[in-house]
Amino acid sequence: MTMRINPRLVRKLLRCSETCVFRATRGHSKRTQTRPIGPCCSLLSRVMALPLAPVTSTVRSRRSFINLAASVSPRRMEHSECRTFGYTPEQIYNIVADVDQYSHFVPWCKKSRTAKTRNGQVLAQLMVGFPPVLEHYISEVTYIPNHQVRAVSRDGSLFRHLETVWSFSPGPTPNSCNVEFFVSFEFKSVFHSQLARVFFEEVAKEMVNAFESRAAALYKNSPTKSTKKPT
C-alpha cells in the first residue's frame, strides 16, 4: 500500500514547522535541540517519518463476460507445415486445384463451386461451418500448374484477411511429393476469432489429412505414410 502526498500540504506543513521552530527557540539560543510543537508540526513529523515509496495507481475492473469479449480484438493467425506424400506433384496438384470437389471431402466444407469472370479470374464460392452456423465467402484462386494453388478472400464479409497457399515439388523418392501448406487469416467477428484460437491447429491438420486421404481414394494406391517436415 502506498501513500500519495499532496505537495501543497507538504509546503504548508513546512511553513508551519518553521514558525513553530522559531517560536520554540526564541529566547533559548543556548539550546542545541529544537522540537516542532503544535498539531500541524506533529502531523509533519509523522508524515516525514514515513518511508518514501513510488506512487502507483491501481485500476479496478469488473470481470464480466461482456467486458471480456469486448476486450478481445480479432488477431491474424498463421499456420504452415510441410509433408511428403507418396504421390506425384501432379496428382496432389490436381486434387487441390479442383475446388468444386471440396464439399465431398474437405472437413466442414458444405458447398463449393467455382466460376470464371470475364477477365479470366477464377472465383471460388464456399460455404463452411456446422448447421445452423454456416458462413459463405468468396476467394480468388490463382494457379501455377503442378506447382502452386493460391486463394485469397476478396468479399470481406466473413474475413478481414484470408490467404491459403499450397506448393508442390518432387519428393525425395520416385512418385513422391513435397507438400507445403500455408494459411493466414483474420476474422472480422470476435466470436469467430475466439473459436479459431481454440480449434485452429487441429482444423489445419485435419485439412491436410483430408487431401492425403482424397489422393488415396482417387488413385487407389497404398500410399506411403506422409512425413511431416520440421518448419
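By class, four nonpolar, one polar and two charged residues make up the lining of the largest cavity. The model described here is predicted. One cavity of 30 Å³ or more is found in the structure, and the largest cavity holds about 40 Å³ of space. The largest pocket has a volume of about 1100 Å³. Four salt bridges turn up in a search of the whole structure, and the number of disulfides is zero.

**The largest cavity**

- The residues that line the largest cavity are R75, M77, F185, F187, S193, A196 and R197.
- Strand 7 (177–187) and helix 5 (190–219) are the elements that give two or more residues to this lining.
- Helix 5 supplies three residues, the largest share of the lining of the largest cavity.

**The largest pocket**

- A total of 38 residues line the largest pocket.
- Nearest the centre of the largest pocket lie W108, V128, F159, F187 and V203.
- Two or more lining residues come from each of strand 3 (122–130), strand 4 (133–144), strand 5 (148–153), strand 6, strand 7 and helix 5.
- Helix 5 gives 10 residues to the lining of the largest pocket, and this is the largest share.
- Sorted by class, the lining of the largest pocket has 33 nonpolar residues, four polar ones and one charged one.

**Salt bridges around E186**

- E186 and R76 form a salt bridge through their side chains, with an N to O distance of 3.8 Å.
- This pair links distant parts of the chain, since E186 is in strand 7 and R76 is in the loop between helix 3 (65–71) and strand 1 (77–85), 110 residues apart.
- A salt bridge also joins E186 to R160, where the closest N and O atoms are 3.2 Å apart.
- Through shared partners, the salt bridges join R76, R160 and E186 into one network.
- E186 counts as buried because its relative accessibility is 11%, under the 20% cut-off.
- R76 has a relative accessible area of 45%, so R76 is partly exposed.
- R160 is likewise partly exposed, at 48% relative accessibility.

**The salt bridge between E81 and R83**

- The side chains of E81 and R83 form a salt bridge with an N to O distance of 2.8 Å.
- E81 has 2% relative accessibility and therefore counts as buried.
- R83 also counts as buried, at 9% relative accessibility.

**Cysteines**

- A disulfide is a covalent bond between the sulfur atoms of two cysteines.
- The structure has zero disulfides.
- C109 counts as buried because its relative accessibility is 7%.
- C177 has a relative accessible area of 0%, so C177 is buried.

**I138 in strand 4**

- I138 is located in strand 4.
- With a relative accessible area of 29%, I138 is partly exposed, because this value lies between the 20% limit for buried and the 50% limit for exposed.
- Setting aside residues up to four places away in sequence, I138 touches L123, A124, Q125, V152, S153, R154 and D155.
- A distance of 9.8 Å separates the C-alpha atoms of I138 and R113, which are 25 residues apart along the chain.

**S176 between strand 6 and strand 7**

- S176 sits in the loop between strand 6 and strand 7.
- S176 is buried, its relative accessible area being 6%.
- Apart from neighbours within four places in sequence, the contacts of S176 are T84, F85, G86, Y87, T88, P89, S169, P170 and G171.

Conventions. Residues numbered from 1 in each chain as written. Predicted model: local features only at pLDDT ≥ 70, side-chain atom pairs only at ≥ 80, totals over all residues. Heavy atoms only, no water. 1 Å grid on protein atoms, 1.4 Å probe; cavity = no way out; pocket = protein on both sides within 12 Å on 5 of 7 lines; lining within 4 Å. Points joined across faces, edges and corners; volume = space filled by probe spheres on them. Helix = DSSP H or I, 4+ residues; strand = E, 2+ residues; numbered from the N terminus. Nonpolar A, V, L, I, M, F, W, Y, C, P; charged D, E, K, R; others polar. Disulfide = S-S within 2.5 Å. Buried < 20%, exposed > 50% of the residue type's maximum accessible area, 1.4 Å probe, protein only. Contact = heavy atoms within 4.5 Å.
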